[in-house]
Structures are given as structure tokens and as C-alpha cells.
Amino acid sequence: ALTTQVQELKDELAAKRSTGRTGSQGGDGGGGDGYQRGSRTDSSKTTGVEEWRMKFVGKTKQHDGAEYVWCDKHKRDGVYDGLYMKTTNHPTHEAWQERKDQWKRRDKRDKGGAGGAAAGG
């Protein structure tokens, strides 16, 4: 099951790279929700984040049938002082950070980083 999840993440990342949709996934992330070709502006092209996610209009926002919550802890100096993040993916900044940290640990381990099985263990 874990191998399948890793492969799905790799495939998803490869697809994002081929469409030019890499960058802060504030990533993730949540980075691709509601994306439509041609909806990017100059700043969103350099950040990988849709423009509407960088502009505060209220604590919560509906977009393409999904609910997003404003997170003032997602910051990028000189670009944005907060982002909308999808509530179903991570209801709080802390939940998002934990998920990101887990992904990074798995990625490092899978690539043979310190403590990983590929490093001789």
C-alpha cells in the first residue's frame, strides 16, 4: 500500500512538472485544487500558486465547489502574507505542516537518506 502511494505521488509530481505546475504546494500542495489553464498571472507563474489563493477576502472561501480557509502562516516574503488552503486536505496549518514533514521523511528514506533501508539497513 505504501509503495502504491509513493508511486501515485511520483506520477502526480511528474504530471505537475509537465504542465509547469510546480512550486510552493503550500504546497501541495494543495497546490492544484481548482487549477484551470490560463488562470495564472505573472506572480502565480513564479510561485506555483493560483492568484485567487493569495488574496484575502474573508476567513473562508468557496472555490470550484470546495471550501478553503485562510492561513496567515503560509507566507512568502514580498509575494503573499497568507494563502487559502483546502479544508478537506488539512484543516489547520499544523496539520498541513505535519503532513508535509511526514512526506519529506518518507521521501528522504525512499531515496536512501539517513536511516533509510536503501542506505544499507
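Hi everyone. Let me start with a definition: two strands pair if DSSP finds at least two bridges between them. Helices (H or I, at least four residues) and strands (E, at least two) are DSSP runs, numbered from the N terminus. This is a predicted model, where local features need pLDDT of at least 70, side-chain atom pairs count only at pLDDT 80 or more, and totals for chains, interfaces and linings use all residues. Residues are numbered from 1 along each chain as its sequence is written, and side-chain values use heavy atoms, with hydrogens and water left out.

On to the sheet. Three strands make up an open, antiparallel sheet in the order β1-β2-β3. Its edge strands, β1 (60–63) and β3 (83–86), each pair on one side only. β1 and β2 (residues 66–71) run antiparallel and are joined by four bridges. Within that pairing, Thr-60 stands opposite Val-69 of β2.

Now, which residues form the largest nonpolar core? There are five: Trp-52, Ala-66, Tyr-68, Trp-70 and Tyr-84. By nonpolar core I mean a set of buried Ala, Val, Leu, Ile, Met, Phe, Trp, Tyr and Cys residues joined through side-chain atoms within 4.5 Å. Buried means under 20% relative accessible area, exposed over 50%, and partly exposed in between, using a 1.4 Å probe and protein chains only. In soluble globular proteins, nonpolar side chains tend to be buried together.

Rings of Phe, Tyr and Trp (its six-membered ring) pair if their centres lie within 6.5 Å; planes under 30 degrees apart count as stacked, over 60 as edge-to-face and the rest as tilted. Searching the whole structure gives four aromatic pairs. One of them is Phe-56 with Trp-70, edge-to-face at 5.2 Å centre to centre and 70 degrees between the planes. Phe-56 sits in the loop between α2 (42–47) and β1, and Trp-70 in strand β2, so this pair ties together parts that are 14 residues apart in sequence. Is Phe-56 buried or exposed? Phe-56 counts as exposed, at 51% relative accessibility, while Trp-70 is buried at 18%.

Trp-70 also forms an edge-to-face pair with Tyr-84, with 4.8 Å centre to centre and 70 degrees between the planes. Tyr-84 belongs to strand β3 and Trp-70 to strand β2, so here too the pair ties together parts 14 residues apart in sequence. Tyr-84 counts as buried, at 0% relative accessibility. Ring pairs link Trp-52, Phe-56, Tyr-68, Trp-70 and Tyr-84 into a cluster.
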